[in-house]
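Please open the structure in your viewer and keep the sequence beside it, so that each selection can be followed in turn.

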Amino acid sequence: GDGRGRRHEIDRLYGWRTATTTTCSVCGGASERSSHSYLVELVYAGGAVDADASFAELLYESLSHSSQTKAYCDECRSYKLTTQARRVDAIPPHMLINAAVFSDAKAK
């Protein structure tokens with residue numbers, strides 16, 4: 001019905017496709033999963049972005065953000081420290097951005 005057409009339109013206007021690669025720090029085994037998101041959260045933490053960075057640089061770092069977390073490794077058959085790296089495959093014409101500014105330090 002009509003709901004499916006509306007969802008497609010929202011996906012086209014606001015959705016962006018990403019692929020997340022999870023790599024085990026012990027064996028190097030990697031897996032990839034695709035996902036669809038509608039929101040970008042700006043990442044300020046960890047000093048990954050210089051305080052004088054432009055908005056474009058901040059947005060790029062936020063879109064390609066990587067992190068370390070424990071996750072199940074199929075190769076090791078147990079939970080191990082992994083690196084999760086996100087790659088953006090498609091950017092929509094309109095983006096919803098959460099500035100995540102909760103303190104005066106971030107607002108500057």
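Followed from the N terminus, the elements come in the order α-β-β-β-α-β-β-β-α. This is a predicted model, in which local features need pLDDT of at least 70 and side-chain atom pairs count only at pLDDT 80 or more, while totals for chains, interfaces and linings use all residues. Residues are numbered from 1 along each chain as its sequence is written, and side-chain values use heavy atoms, leaving out hydrogens and water.

Next, select helix α2, which covers residues 55–63 and includes Ser 62. Is Ser 62 buried or exposed? Ser 62 counts as buried because its relative accessibility is 0%, where buried means under 20% relative accessible area, exposed over 50% and partly exposed in between, with a 1.4 Å probe and protein chains only.

Now show the side chain of Ser 62, which reaches the backbone oxygen of Leu 58 at 2.9 Å. Leaving aside residues up to four places away in sequence, Ser 62 touches Val 40, Glu 41, Leu 42, Val 43 and Arg 86, a contact being heavy atoms within 4.5 Å.

Finally, select Tyr 60, also found in helix α2, which is exposed with a relative accessible area of 55%.

Notes:
Helices (H or I, at least four residues) and strands (E, at least two) are DSSP runs, numbered from the N terminus. A polar contact is a pair of N or O atoms within 3.5 Å; within protein, one must be able to donate a hydrogen and the other to accept it, and residues adjacent in sequence count only if both atoms are side-chain atoms.
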